[in-house]
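Below are some notes to read alongside the model. They are arranged by topic, as numbered points.

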Amino acid sequence: MHPEEAMKTPRFSIIDRAQQLATAQNTVYDMIIIGGGVTGAGIALDAASRGLHVCLIEKNDFASGTSNKSTKLIHGGLRYLKQFEIGLVKESGSERAIVHQLAPHLVVPEKMLLPLIEGGTYGKMMTAIGLMVYDFLANVGGDDKRKMLSVQETLAKEPLLDPTLITGGGYYAEYRTDDARLTIELLKKAASYGACSINYCEMTSFVYDTEGCIQHLACLDHNTGQAFQLSAKSYVSATGPWVDLLRAKDDSMNSKRLHLTKGVHIVFPRSKFPLSQAVYFDVPDGRMIFAIPRGNTTYVGTTDTNYNANLNRVVATKADASYLLDAVNNMFPSLALTLADIDSNWAGLRPLIHEDGKDPSELSRKDEIFVSDTGLISIAGGKLTGYRKMAQRVIDTVLKTVSTLSENQFATSHTHTIPLTDTPLANSEDVTTYLEAVNQRLKQNGMLTDYYGSYLVSTYGQQTDKIIEQASHFTNETIEERLIRAEVWYSVHYEMANGLADFFVRRTGRLYFDIHSVSHYLNLVTKDLSIYLDWNTDRIQQEQQALALLLEDARTFYDNEIL
């Protein structure tokens with residue numbers, strides 16, 4: 001670790017942001033990472049834990065792009081077997097178990113039911129073989145090994161399925177997560193190794209030396225409007241759908257380019273879609289989609305269509321909603337779900353590598369690294385599950401190609417051994433035991449249901465202790481109001497929350513999975529944030545308008561994309 005790092009490890013608190021910016025402007029880093037999604041966060045942790053002096057900047061909030069819009073699964077990608085992407089399936093399958101060990105409260109085992117239908121994507125024999133190969137590649141054992149089910153066993157697992165369609169089923173293991181929470185925990189852990197991460201800090205241009213290499217970045221602080229410069233020995237772009245825009249700014253585009261596809265998910269209240277367990281099922285056009293129970297909701301996704309519209313405001317269209325509704329009603333006809341039954345939606349982009357002649361669903365999910373003569377190293381493609389190995393490959397590339405950084409100076413990657421919270425739970429059993437204790441504490445304080453305890457533990461793990469302790473300092477309010485105020489306090493002081501959308505979308509997921517609570521608690525959250533962050537009337541209005549637009553997009557299906 002560098003001597004200047006040893007002096008003070010940065011806290012991951014928005015209260016320290018001004019000091020972090022001041023320090024960053026007077027530091028030459030080993031590496032600056034542009035992009036605060038899960039890939040950038042993974043790179044920051046890998047680099048900082050090896051001993052590199054790292055700064056990460058993000059033009060919006062952390063995880064505000066693709067890393068907040070996935071299917072929220074750490075999964076091996078069963079369908080990639082069909083495309084013979086054996087290496088991708090093997091790596092993804094292995095990574096699932098590793099990330100579960102690093103954050104068992106956040107990466108949770110989720111058994112997946114694959115109902116078989118006549119003429120479906122997978123026949124009985126191919127499903128049995130595919131799941132067997134899947135388990136072998138991912139080194140799955142014990143109770144998680146796949147099982148083939150009879151018609152009766154399949155319907156017992158999920159009674160909502162249409163018995164006239166089902167010919168049997170496959171039953172196998174996946175892992176459910178919260179993509180934005182995973183990103184935040186990675187950044188918090190990177191900060192504990194000395195990494196400096198700053199949201200709402202935009203790289204506006206590259207500035208080059210006389211030899212045409214990047215000398216520094218011109219940046220803009222969106223909180224203050226201040227322009228400034230940041231310098232490093234190496235520069236990494238992990239900007240997802242924006243990778244080609246940065247490569248164009250760097251004048252380093254080549255024959256390889258991004259192919260953006262859009263994925264939409266819709267969310268139902270469990271009362272409308274009372275799914276018993278996660279299902280991966282056929283769509284009439286030959287694709288497959290997920291339906292996954294989560295808390296008091298069930299969500300369904302995803303679409304996979306070409307995208308050429310606004311990168312900064314991706315929305316769901318009526319065509320997207322119709323496609324997903326038709327798919328659900330085809331597999332679960334007794335539900336007769338309509339547009340009015342949908343509580344919320346999200347739409348995100350996949351930054352895939354273009355391949356001529358391939359449809360969106362046929363494009364590989366492999367990642368690729370581009371090295372520019374100017375010194376810019378970009379990573380594109382990939383999937384949420386592979387963030388850790390992608391980060392490792394990026395740092396290995398940096399150390400091999402940047403002459404001022406020697407491989408011998410730094411440790412090898414060891415992120416597979418680094419728990420993602422300061423007070424980690426050891427395994428699923430520990431999570432269950434801890435959840436029972438949290439529910440007991442909440443009931444003693446007047447909480448009547450177990451839902452909030454489950455929400456807190458799956459969101460924060462044992463960090464829930466800090467939130468419950470802080471809630472005890474608030475008085476004359478309901479237990480729910482005290483807890484949400486404690487969450488706001490925690491998100492500001494420990495998770496760099498800078499605004500209303502940061503809290504309601506990326507830190508808590510409420511916009512998608514508890515959308516009615518956003519309006520209910522808006523005034524309470526606004527009041528506390530305005531005190532912590534010293535907002536004036538204009539800033540409060542700006543924050544509420546931005547959140548109102550997100551609420552509108554989450555509740556609306558538009559005629560067309562936003563251009």
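Is the crossing of H3 and H11 right-handed or left-handed? This is a predicted model, and the points below begin with that helix pair.

1. The H3/H11 pair. The crossing of H3 with H11 is right-handed. Helix H3 covers residues 38-50 and helix H11 residues 387-401; their axes lie 8 Å apart and form an angle of about 55°. H3 is therefore oblique to H11. From H3, the contact takes in Val38, Thr39, Gly42, Ile43, Asp46, Ala47 and Arg50, and from H11 it takes in Tyr387, Met390, Ala391, Gln392, Val394, Ile395, Asp396 and Leu399. By class, the residues of this contact are nine nonpolar, three polar and three charged.

2. The H18/H19 pair. Helix H18 (residues 515-532) packs against helix H19 (residues 537-555) at an angle of about 165°, the axes being 12 Å apart. Angles over 145 degrees count as roughly antiparallel, so H18 is roughly antiparallel to H19. The crossing of H18 and H19 is right-handed. On the H18 side the residues are Ile515, Val518, Ser519, Leu522, Asn523, Thr526 and Ser530, and they meet Ile540, Gln544, Leu547, Leu551, Ala554 and Arg555 of H19. The contact of H18 with H19 is made up of seven nonpolar, five polar and one charged residue.

3. Ser519. Ser519 belongs to helix H18 and is one of the residues that meet H19. Its relative accessible area is 43%, so Ser519 is classed as partly exposed. Leaving out residues up to four places away in sequence, Ser519 touches Leu551 and Arg555. Ser519 and Arg294 are separated by 225 residues in sequence and by 21 Å in space, C-alpha to C-alpha.

4. The six-stranded sheet. Six strands form an open sheet in the order E8-E3-E2-E12-E20-E19, and the pairing is mixed. Its edge strands are E8 (196-198) and E19 (367-371), each of which pairs on one side only. From one strand to the next the twist averages 15°. Within this sheet, strand E2 (residues 31-34) and strand E3 (residues 54-57) run parallel and are joined by four bridges. Ile34 has Ile57 in E3 as its bridge partner.

5. How many residues of strand E18 are buried? In E18 (residues 344-353), 10 of 10 residues are buried. This holds on both faces: Ser344, Trp346, Gly348, Arg350 and Leu352 are buried on one side, and Asn345, Ala347, Leu349, Pro351 and Ile353 on the other. E18 runs antiparallel to E13, and 10 bridges join the two. Leu349 of E18 stands opposite Lys262.

6. Backbone geometry. Most residues other than glycine have a negative phi, and most peptide bonds are trans. The peptide bond from Gly301 to Thr302 is cis, with omega near 20°; Thr302 is in the loop between strand E16 (297-301) and strand E17 (305-306). Lys72, not a glycine, has a positive phi of about 65°, and is located in the loop between E3 and strand E4 (73-74). Asp251, also not a glycine, has a positive phi of about 55°, and is found in the loop between helix H9 (243-249) and strand E13 (258-269).

7. Are Lys72 and Asp251 buried or exposed? Lys72 has a relative accessibility of 2% and so counts as buried. Asp251 counts as exposed because its relative accessibility is 71%.

8. Val283. Val283 sits in the loop between strand E14 (279-282) and strand E15 (288-294). With a relative accessibility of 7%, Val283 counts as buried. Apart from neighbours within four places in sequence, Val283 is in contact with Met288, Ile289, Tyr323 and Ala327. Val267 is 16 residues from Val283 in sequence, and their C-alpha atoms are 18 Å apart.

Methods:
Residues numbered from 1 in each chain as written. Predicted model: local features only at pLDDT ≥ 70, side-chain atom pairs only at ≥ 80, totals over all residues. Heavy atoms only, no water. Pairing = 2+ DSSP bridges. Axes fitted to C-alpha atoms, helices over the stretch in contact; angles between N-to-C directions. Parallel < 35°, antiparallel > 145°, perpendicular 65-115°, else oblique. Left-handed = near helix turned anticlockwise from the far one by under 90°. Contact = heavy atoms within 4.5 Å. Nonpolar A, V, L, I, M, F, W, Y, C, P; charged D, E, K, R; others polar. Buried < 20%, exposed > 50% of the residue type's maximum accessible area, 1.4 Å probe, protein only.
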